[in-house]
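Biologist: Could you walk me through the ring pairs and a few buried spots in this one? Please keep it simple, as I'm just starting out.

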Amino acid sequence: MSPTGLPARVRIGYGLGSFATGTFGTVPGLLLLYYLTDVLGVGAGLAGLLVFLPKAWDVVLNPWIGSLSDRSTRSRFGPRRSWMLLGAVTMPLCFAAMFAAPGGLEGGPAAAYVAVLFLLTASAYACFQVPYVALPAELTDDPDERARVMSWRVAFLAVAILLAGAVAPMLAGSTADDRGSAGGYRLMGLVVGVVLACGMLAAVGATAGARSVVRTTGEPRCETGSGLLAQLRAARGNAPFAWLLAAFVVQAAATGLMLAGTQYFATYILDRPSATTVLFACLIVPSLLAMPLWLAVGRRTGKRDAAVGASLCFLVGAAGAAAGRQLPDALIYVSVALAGVGYAGMQMLPLAMLGDAIAADAYTSGRRRAGVFTGLWTAGETLGLALGPGLFGLVLSLGDFVSSDADHRVAQPGSALTAIVTGFGVLPAVLLLLSLPLLARYRLTEAELTRLRDTAGTRSAA
């Protein structure tokens, strides 16, 4: 009989890992494109491509790491935590180096330097993130307890995003004006690297004594290429997971667009680069307050219907931001705050639904494939978040955005200002609209999950 209530140490310690995932999900998406175009002088189109390609590599890497972590790794930390530890000791160093381009490096050489370091950082991050996301499905077999674990994770995630979104731009601009300088970005990378290390190591240590409650066998060993195809087949056979993943990738791209556009929106539309901090506060503070609301709504109406409601909130907020050149600043902040209310549900509810889909697969297949599914999930999330800055860079290029170095601010043509508003508001709203039919196809209810668990228990007893 597995316990349904996890110790507070495990729930809180697991949540602390979100300081790393939230920070890494925020800072590159918020500042890396801007660092390339407005500090290192890289063209907008090339910069968008370089932000996208290293993370696109994770589409292959993440499922492979997930498959490896499903096997019985010989380590006192267990199959998940040994990989998490590897990421914890390598990724912060690569991150700090990524924002520490050597002095005088600009244009193409600077782009190559950042691209290589971003590739290494993303690979090291995958070693932590994939098994980290897999853990909740194995820590408890109670769907409500998984939702509580996710609420801790998303709470810390929101705090991390708020702090990263507020503090990172200030650190980047600490040695010059508030637009940022090479020295400021170097300081920011170092400080954020320390935060990443602390969050990752805390999650490894706090969950080290927790045992898996899912009695399954691991996936057989296979080669990387055939393993990826097998994982894709497994995902296709799990309809709730497949539809949920599709919706989440589209929504991650919308989030990535808004993240990438925040600094540009503050600098060129609001004409106040420091307004980045205000925009982030408007997005994240409401999300912290709304989290208990979405948890309660999910229990009352079901997680899927609550997730649809959260998506609609974000959609309306993004549509308001799309009118940023016509609205007063106060209404822009209100729109971003409404998007923040939706953002809380868009983060917490799909993750809880993911745990349910993974558990359903374990009950029906009898195999430990949490790493397979979370590998595909994190690959999809990474792809979506990378598509956002990539699309934003493409929109800027089409709008004739003029890149510059850190010492000069260039007046942008009207087409570039239109491109910024389009990328920050219009495209996210369109993507949210496209995600709703996909989300509606997720039909795994709590009652069905309980039936599968009871059936699996009966088979085990027999």
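**Rings and buried residues**

Modeller: A search of the whole structure turns up 17 aromatic pairs. Here, rings of Phe, Tyr and Trp (its six-membered ring) pair if their centres lie within 6.5 Å; planes under 30 degrees apart are stacked, over 60 edge-to-face and the rest tilted. Bear in mind that this is a predicted model, where local features need pLDDT of at least 70, side-chain atom pairs count only at pLDDT 80 or more, and totals for chains, interfaces and linings use all residues. Residues are numbered from 1 along each chain as its sequence is written, and side-chain values use heavy atoms, with hydrogens and water left out.

Biologist: What kind of pair do Phe241 and Phe373 make?

Modeller: Their ring centres are 4.9 Å apart. The planes sit at 65°, so the pair is edge-to-face.

Biologist: How many residues apart in sequence are the parts that this pair ties together?

Modeller: Helices here are DSSP runs (H or I, at least four residues), numbered from the N terminus. Phe241 belongs to helix α11 (residues 239–269). Phe373 belongs to helix α15 (residues 370–398), so the parts tied together are apart in sequence by 132 residues.

Biologist: Is Phe373 buried or exposed?

Modeller: Buried means under 20% relative accessible area, exposed over 50%, and partly exposed in between (1.4 Å probe, protein chains only). Phe373 has 0% relative accessibility, so Phe373 counts as buried.

Biologist: And what kind of pair do Tyr264 and Phe392 form?

Modeller: Their centres are 5.4 Å apart. With the planes at 35°, the pair is tilted.

Biologist: Which helices does that pair link?

Modeller: Tyr264 and Phe392 are 128 residues apart, so to speak in distant parts of the chain. Tyr264 is in helix α11, and Phe392 is in helix α15.

Biologist: How many disulfides are there?

Modeller: A disulfide is a pair of cysteine sulfur atoms within 2.5 Å. By this rule, the count is zero.

Biologist: Is Cys94 buried or exposed?

Modeller: Cys94 has a relative accessibility of 17%. That value makes Cys94 buried.

Biologist: Which residues does Met150 touch?

Modeller: Met150 sits in helix α8 (residues 143–172) and is buried, with a relative accessible area of 3%. Contact means heavy atoms within 4.5 Å. Not counting residues up to four places away in sequence, Met150 touches Tyr14, Pro136, Met348, Leu351 and Ala352.

Technical notes
Helices (H or I, at least four residues) and strands (E, at least two) are DSSP runs, numbered from the N terminus.
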